[in-house]
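Biologist: I would like to learn how to read helix packing. Please show me the model, then take me through it.

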Amino acid sequence: MTEHPALQLSDRIADLLADPNNAPDNWTSRPQWRQSLATGAPGVALLHVERATAGRGPWEPARAWLAVAADTQVTSGRDSHLYYGAPALAHVLGCAAQARPGSYQRALDHLGQAVAADARRRCERALSRIDRGELPALAEFDTIRGLAGLGSVLLDRAPDGEAIRAVLACLVRLTDDVKHDGEVLPGWWTLSGPSGKPDDRFPGGHANNGLAHGIAGPLALLALALRRGVEVDGQRAAIGTILAWLERWRDRHAWPYWIAPGHLASTVRRPLAPQRPSWCYGTAGLARAQQLAALALGDSRLRQDAEDGLATALNDPLSLAATTDISLCHGYTGLAHIAHRAAADATSRNAARLRSAAELLLDTTHPPHTDPDAQARWLLASTGPAFLEGAAGTALALLAPATGIAPATRWDACLLTA
């Protein structure tokens, strides 16, 4: 069987990122680069770990990049999250341990204890905040910085532990309505803007729907845990509450990125303008979270709706036209990876539609007759080696859809898509 040409791009990026000593100075000079999964060494290590585990590359680059990531005082506590510090390194080393059973166990035990302790402290603060009737910050609960992200590490590393149950119970409480200034709001309503900072454009705050920064992250974690038999009181009801909220705001196969007070007060629903169906925001991440919830609940109608919505969005020229890059976070490779993951869990009809969409997305990512070496060098020069928005993530996201084989590790657990 002939390999998909997009694999040549993935291979060439990996080749160019094989040696940490060749990393560009404008990247390695950043203080956070050794510990940042989003923009630093752990993300490149994850690329090489997956390639080595899948038999697509040697182990030496993975080992070299892991050494770089671990060669510093690892940050834990308030300043850490899934994409930085102890949780990030725990995720990457956990994937490496899948390839090398028994390896890194001492480091993983230490990191796991740090992540669990931090998660319990965060849950205590969140529950106290809920009891006071206050609204949360996005960083309390989201995938990138919050409890949903920490929960993904705990679900993989210690699914029988108390810390993951504490996180799930806390996210269940998050779905309780809150009365604020006389208005009943969903418990995940935040007074900040989408950046997590005060924003004059959102004077009354907002409810964020995205998988990276919004309520779809907790939805995905609650569903993934339920599928693995990890359940706390109220978990199914909490999933139902989030699903009902998303259904309320769904416009055919898309959702608004966020809901502001004006949306709540308006009696007129305007159709959504075409928007990119990305992982971080938009249909790809949301529909995958819905599909995971449907599988966890055994809800065939919801499963059909989620798969239909995703397949429709990924074949919609107007939605795809709003996508302007090939990154994992919000570009074509991220869409192709999600399409591949969703197809593996879909009904036969929708699986065929999603695989077809993935094929078209790969052709968009790496058009026929494109020089992979020139494209790889351009990507590294223009986006850097980063995981979420750069070349390393692009190379990683290409692997599964281009080979038609599921990831060899659970590298994409950090996306809460699996």
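Predicted model: local features only at pLDDT ≥ 70, side-chain atom pairs only at ≥ 80, totals over all residues.

Biologist: At what angle do α1 and α18 pack?

Modeller: Helices are DSSP runs (H or I, at least four residues), numbered from the N terminus. Axes are lines fitted to C-alpha atoms over the stretch in contact, and angles run from 0 to 180 degrees between N-to-C directions. Here α1 (residues 6–16) and α18 (residues 372–383) pack at about 55 degrees, their axes 9 Å apart. That makes the pair oblique; angles under 35 degrees count as roughly parallel, over 145 as roughly antiparallel, 65 to 115 as roughly perpendicular and the rest as oblique.

Biologist: Which residues of α1 and α18 meet?

Modeller: Contact means heavy atoms within 4.5 Å. Among them, Leu-9 and Ile-13 in α1 meet residues of α18 that include Ala-376 and Leu-380.

Biologist: How do the axes of α6 and α8 cross?

Modeller: The axes of α6 (residues 105–131) and α8 (residues 147–157) come within 10 Å and cross at roughly 140 degrees, so α6 and α8 are oblique to each other. Residues of α6, including Leu-108 and Val-115, meet residues of α8, including Leu-150 and Leu-154.

Definitions and conventions. Residues numbered from 1 in each chain as written. Heavy atoms only, no water. Helix = DSSP H or I, 4+ residues; strand = E, 2+ residues; numbered from the N terminus.
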